[in-house]
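Subject: Structure handover

Hello,

I am passing on the structure below, followed by notes on what turned up in it. Please read the notes with the model open.

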Amino acid sequence: MSRTTLVAVLATTALLASTATAVAEPENPAWVATSTSTPYQVTPPTAPEVFPQARTAAADDVTASDFKTECQGRSEARTMFGWAKSRFEQCFAGHRKVELKVSPGAPTTIASVEFDYTVLAFAYDGDRRVDYTVLLDNYRTLGGQERNIAELVIGFGGCGASTDLNCSPAPLQKRATLEGWKLDQTFTGTLTSPAEAGSGPYKLVHATMALNLAVESNLPDVDSWYDEGAGFSRVRFDSAGATAGKFRGTVFTDHVPTYDLMAIAQAKNRVGEIAESARHIDDALHHSERTFPSFLGKNIPGGSFDRPLHRLADESLIDSNRTYAGRVCKDVWGVDYEPAKYNCDEYPFASTREGAYTSTNNGTQAWHGSSRPIEGDDNKLSGTWMNSDFYKVHRVLDGDPFVVKMNL
């Protein structure tokens, strides 16, 4: 073989070898979340708070700090809908580690950002307003120039969808470079609704605010990272007037309040004055065999979140509930059970849709409830407290669910 022929063969062999081992162009470098778990300890869920800390003014630094610590220890805070401590307090907590990768197939980290986040939300009793505060902890960045170019964006989406909602700032978010967040690791914004906006007699406006996280790159051929819907804050604004205490207000609808007559009485040091009402509720929830009407399969609602009661505000229907519950008292105890001294008490309460008339197809079906004569002053006082210390304190409006607690 001549030298010229050998050179040609070697060149052809080298070309074939090169073609056989060629690697495709790498995909655009992308930001990916490599960690979403939270590093701090959590505590299991507990019973909801009976007496909420309603907001009538902006939460002070001490209150926010205490709520932040409490929130970080709650497992519910890491769920999609966060932890609604009360009708006026909600929070979210989580952890993110986001890395800039050269390509998914052959990952090489160019830069990264890692942080814990806590979102505190305070609704107002007396105003159509929610304040959101984002707090970052254990904030760390690694890498080169990308840290000074890429932007971390944290905020809530959902404001621009309706003219019934206003955000400040607009959009409701903070945008800064990865390094810029180190200068101030907080963000505060406000969601409001005009007093006359909304539908129905209560001027209701419902909003679902989505917690959105993103790392957006300004370098060419670098994909951004988005975590839209990391959490959802469900809010209701109302101008319900006297039925809710203060003329207008805002609540987090994911919190279902608990009516605890005994806790209210203990706070007032007046337990003995509602003893018969308390006994009736306890029997209805835990000893239905002691209650009337009596029939096989009776299952009285209200004692669990699976079967809550629902407020009824229509006075004519409330009167109908009382009338039909009263028929049970007369049927069992006779027409002469001293109505001047005793009142016919009912559970579920006349002010709920589970009452004797509204839950029985206008009184034509069996009522899963209880009626009994109790001392008149006892009955009136418990009814007064239910309105003043529960419905109004928690802004429970017509149709709102709630559960009942009583353990004697």
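Among contacts in the protein chain between residues at least 6 apart in sequence, 72% join residues at least 24 apart. Keep in mind that this is a predicted model. The chain has 408 residues, and buried residues make up 47% of them. Its secondary structure comes to 7 helices and 17 strands.

On confidence, the mean pLDDT of the protein chain is 88, with 86% of the residues at 70 or more. Residues 1-25 have pLDDT below 50, and beyond near neighbours in sequence this stretch makes 1 contact in the model.

Aromatic pairs

The count of aromatic pairs comes to 13. One of them is Phe67 with Trp83, with 6.1 Å from centre to centre and 50° between the planes, and this pair is tilted. What does this pair tie together? Phe67 belongs to helix 2 (residues 61-72) and Trp83 to strand 2 (residues 83-86), so the pair links parts that are 16 residues apart in sequence. Are the two residues buried or exposed? Phe67 has 2% relative accessibility and therefore counts as buried, the cut-off being under 20%. Trp83 has a relative accessible area of 9%, so Trp83 is buried as well.

A second pair is made by Phe390 and Tyr391: the ring centres are 5.7 Å apart and the planes stand at 50°, which means that this pair is tilted too. Phe390 is buried, at 2% relative accessible area, and Tyr391 is buried at 3%. Both belong to one aromatic cluster, whose members are Tyr259, Tyr347, Phe349, Phe390, Tyr391 and Phe402.

Charges over rings

Tyr391 also has a charged residue over its face: Arg311, at 4.1 Å from the ring centre. Another case is Lys174, which lies over the face of Trp181 at 4.3 Å from the ring centre.

Strand 2 and its surroundings

Strand 2, which holds Trp83, pairs with strand 3 (residues 89-101) in the antiparallel sense over 3 bridges. The two strands form a hairpin, with 2 residues between them. Within this pairing, Trp83 has Cys91 of strand 3 as its bridge partner.

The backbone oxygen of Ala84 lies 3.1 Å from a polar atom of the His255 side chain. Where does His255 lie? His255 is in the loop between strand 12 (249-252) and strand 13 (258-259). With a relative accessible area of 3%, His255 is buried.

Strands 10 to 12

Strand 10 (residues 205-216) and strand 11 (residues 225-238) run antiparallel and are joined by 11 bridges. In this pairing, Ala210 stands opposite Phe232 of strand 11. How many bridges pair strand 11 with strand 12? They pair over 4 bridges, again in the antiparallel sense. Here Val235 has Phe252 of strand 12 as its bridge partner.

Regards

Conventions. Residues numbered from 1 in each chain as written. Predicted model: local features only at pLDDT ≥ 70, side-chain atom pairs only at ≥ 80, totals over all residues. Heavy atoms only, no water. Phe/Tyr/Trp six-rings, centres within 6.5 Å; stacked < 30°, edge-to-face > 60°. Buried < 20%, exposed > 50% of the residue type's maximum accessible area, 1.4 Å probe, protein only. Lys NZ or Arg CZ within 6 Å of the ring centre and 35° of its normal. Polar contact = N/O pair within 3.5 Å; in protein donor to acceptor, adjacent residues only side chain to side chain. Pairing = 2+ DSSP bridges. pLDDT = per-residue confidence, 0-100. Contact = heavy atoms within 4.5 Å.
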